Every structure is written in structure tokens, then in C-alpha cells.
Amino acid sequence: MFQPARGTRDLLPDECRSMRYVSDTSKKLASLYGFEEVDTPIFEFADVFRHMGETSDVVTKETYTFADRGEQDLTLRPEGTAGVMRAVISNGLTQQTPLKYFYSGPMFRYERPQKGRYRQFHQIGVELLGVASPVADVEVMALGQQIIQSLDLQGDYTLELNSLGDNESRDSYRAALIEYLHDFRSQLSEESQMRLEKNPLRILDSKSDSDQKLLLDAPVYRAHLNAASEDHFSRVIEMLEGLKIPHRLNYRIVRGLDYYCHTAFEFVSDSLGAQGAIIAGGRYDGLVKRMGGSDLPGVGWAGGIDRLALLLQNPPAGESSHMFVPLGEAAEAKAVPLMQLLRNQGLRVEMGYSGNMSKRLKKANQMQAKTAIIIGEDELEQGKAMVRNLQSGDQTAIEFDNIATFLKSIDA
Ligand code: HAM
């Protein structure tokens, strides 16, 4: 028997509803900040993503890349930022800043599946381009905070924050970290030993306890921020404090993608085990330029819709309907056009397809229908239906022409 491919899953109605609620709520809140929706292709030329991180795991180990029938190298998008930047460049939008985009959709990463981590997952995201001021960093974080708050999630969450500084600060820290770790090279985990050459900053977020012990005496990133970077970071912190957005400085937030500078942040939930990041992002000045566009600053984040949906305290319930129970063919012939008339007026009505009356009423109750609209021979003759309120048990005979008004009064 076929099963879904590893790391993918079928989204049945309950989960679909929760995920739709997460993305709709986020989109609505993002629009309060001026973000407008864009939608870029699910696959892009593989080079679009290569530009964004030659050393990041996401780009080197986790992409689904394939040659299509025209022998073009294509990649299923592992995230949204690179595609949006490509779209900004392709559509010649770099002069029209600030650009503020919201997006939502499926992403693909070849990762080891576990709770809250899938190979096909879904993100909401925002990108704010053309604003170098720390005001932009704070606005996108404030939006993240507002979304999480209004979704009303289980458990607690924390905004964890770090600054990677500009290129100069990053190079200076990188050199200091390599020098420090060099002496402990053989004590580092295998993964960190490899990273020491290619991407030493990622060692900071190593999962190995012994690596973390070694890091206790490592040089402090913040001490290597140059004046401009320190100023940017302290203004971000000041504004977050002004907004009373709780946050925690965490030097381990270096992020798994290579394009970040200055602010890097993650909203982390305490209720998801190892995969706690629910919304994460940061500043990525220079990415558009590296991809062949002009030198645009940018800042944004993406949130895991699957994870956020899993954490909803009050997932939205499905809407209940009114169920028709026509008994016999003549009643059915009356019910079908009547139901259509009601649907045209925006009423939610369904057919209780078959079985005897008690079986159909049982089904209507199971489906939490609001009413059962019974049409038997007597009702047909009188031009009426028996409408039974399934909550109160009350039954009322209603003329066919008046059913719409009656059902609307129940829905109200
Ligand atoms: P990211 O940290 O790679 O950032 O992903 C953002 C969020 O997507 C994560 O915090 C998590 O909630 C969710 N996520 C990532 N991978 C998976 C997975 N395999 N299964 C389920 N959920 C997952 C980015 O993608 C950047 N593009 C964010 C950004 C936008 N930075 C600037 N602008």
C-alpha cells in the first residue's frame, strides 16, 4: 500500500483548517504594518539558492535539486527569501523601496523528520527591503510578536536575539573565534571540527554539550562589533524595551543560512521539544546585491505554519451545516433544487444521503449539524418540511418558501 513519502504528510481537514487560520491571521496582521502578499514559484533555477549560502546546510545538504526534461537545474525552494529577492530583481523593483512583502506556502528541505520537522513544510514570511534603520528590525519583530500573541499558543515562548554585526565585525569575530578554538580542535565534536574551516560561527549553536563547555571562555561576539554595528544593535534593544517586547540576548543565535548580518532572532517555543523555533529571521543587507541586484538592505523572518498550528490552544472548529433528510425519490427530487436555492443564499446545507430516517439523524448528530430538514410524503403534500433543531430537539413545520428565512434565524 502506498504511503506518503518520508517527511511529507496529508493535511486532513482539521489540520488544514488550523494552518489556514495561522496564515490568514498572520496575513491580516502583516497588512496592518503595510506588508502585501506576493507569491513566487515553488521551484527556481538552482543558482538562485546557491547565491545565498555556500556553507549553509540548507543549501549544501538539504535541497531537492533536479534536472527537468529540458535539462535545466531546478531546486524546490527550501525557504522564501531568495525567491522574493530574485522576484524583486527580475521585476525591476529595486528603485521602488521600501518594499514590504508577505508570503505563505510550502517549502522543501531534505532533513531528518521528527515532531515539527518535515521535508515538505509551510512558512509564512515577511521581507522589508530598502530600510537600513534598526526601526525596520524592530517592526518585523513586533509583527512576529503580535502574530504569536494573537494566535494564542500553548506554553511559553521567548524572543532570542543576537547581533552578527556588519562584515568587518563578523570577520574580526570569526578570526578571534578560530584562533581561540584552534587550540581545542581535537576536543571539538566532529561536526564542529568541520565547521571550523568552513563556517566557524555555526559552532556557536552546536548541540554538543562539550562544544558548549569549550565555548564558555570563547571571545564574546558583542565585543567585536564595530561602533556602527554596536549602535545598530543597541538601538534595536532600546526600541524593543520601549515596546515592552520581552527578549533574551543569546550569542548562540547565528542562524543556519549564510546571508545574515546585524540582527538575528528566533521566537522559540518551550512546547515543541528540539524544534522550538516558531518564527526566525534577521537582517540580510547585501543579499540582493550578491544576487545581481542593487545594494539593498533587508530584514525579515519566516514562521513555521505547521509548528504554529500544532501549538494553537483553540484550533478553529469546522462550521456545521443544516442537513436535508428527504425520504423517497419524490422528496429527493424536491430537496435537490431547494438545497441549491439555499446555498445560493449563502446557507450551508448538506444532503443526508441514504439510510433510514434514524440512521440519517444519527449521522446528522455526529456531524454536529444544526438542523435536520425532513421531507416525507406528508410534508411533500403540504408543501412543508419538518425542521428539527438538533440541539433543542424542537420540531417545526416550515413552508418550503420560508425555509431560508427560518435557517438564517437559526444561524444568526
Ligand atoms: P529558517 O530559520 O530556516 O529561516 O526557517 C524559519 C522557520 O521555518 C523556522 O523557525 C521553523 O519554524 C520553520 N521551519 C524550518 N524548517 C522546517 C522544517 N523542516 N519543518 C517544519 N518547519 C520548519 C528561513 O527560512 C529564512 N528564510 C527566514 C528569513 C526571512 N530571514 C529573513 N527573511
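This note covers the ligand site and the cysteines of a predicted model.

1. Ground rules. Residues are numbered from 1 along each chain as its sequence is written. In this predicted model, local features need pLDDT of at least 70 and side-chain atom pairs count only at pLDDT 80 or more, while totals for chains, interfaces and linings use all residues; side-chain values use heavy atoms, with hydrogens and water left out.

2. The shell. There are 26 residues around the ligand, each with a heavy atom within 4 Å of it. E79, E111, E127, R255 and Y260 come nearest. By type, the shell has twelve nonpolar, seven polar and seven charged residues. Here Ala, Val, Leu, Ile, Met, Phe, Trp, Tyr, Cys and Pro count as nonpolar, Asp, Glu, Lys and Arg as charged, and the others, Gly among them, as polar.

3. Strands. β6 (120-129), β10 (277-283) and β11 (298-304) each supply at least two shell residues. β10 gives the most, with five. Strands are DSSP runs (E, at least two residues), numbered from the N terminus.

4. Polar contacts (N or O pairs within 3.5 Å). The side chain of E79 has an N or O atom 2.5 Å from a ligand nitrogen. For the side chain of Y260, the distance to a ligand nitrogen is 2.6 Å. A277 uses a backbone N or O atom, 2.8 Å from a ligand oxygen. Alone, the ligand exposes 660 Å², and the protein buries 96% of that (Shrake-Rupley method, 1.4 Å probe).

5. Cysteines. The whole structure has zero disulfides (cysteine sulfur pairs within 2.5 Å). C16 is partly exposed, at 36% relative accessible area. C261 is buried, at 9%. Buried means under 20%, exposed over 50%, and partly exposed in between (1.4 Å probe, protein chains only).

Technical notes. Polar contact = N/O pair within 3.5 Å; in protein donor to acceptor, adjacent residues only side chain to side chain. Helix = DSSP H or I, 4+ residues; strand = E, 2+ residues; numbered from the N terminus.
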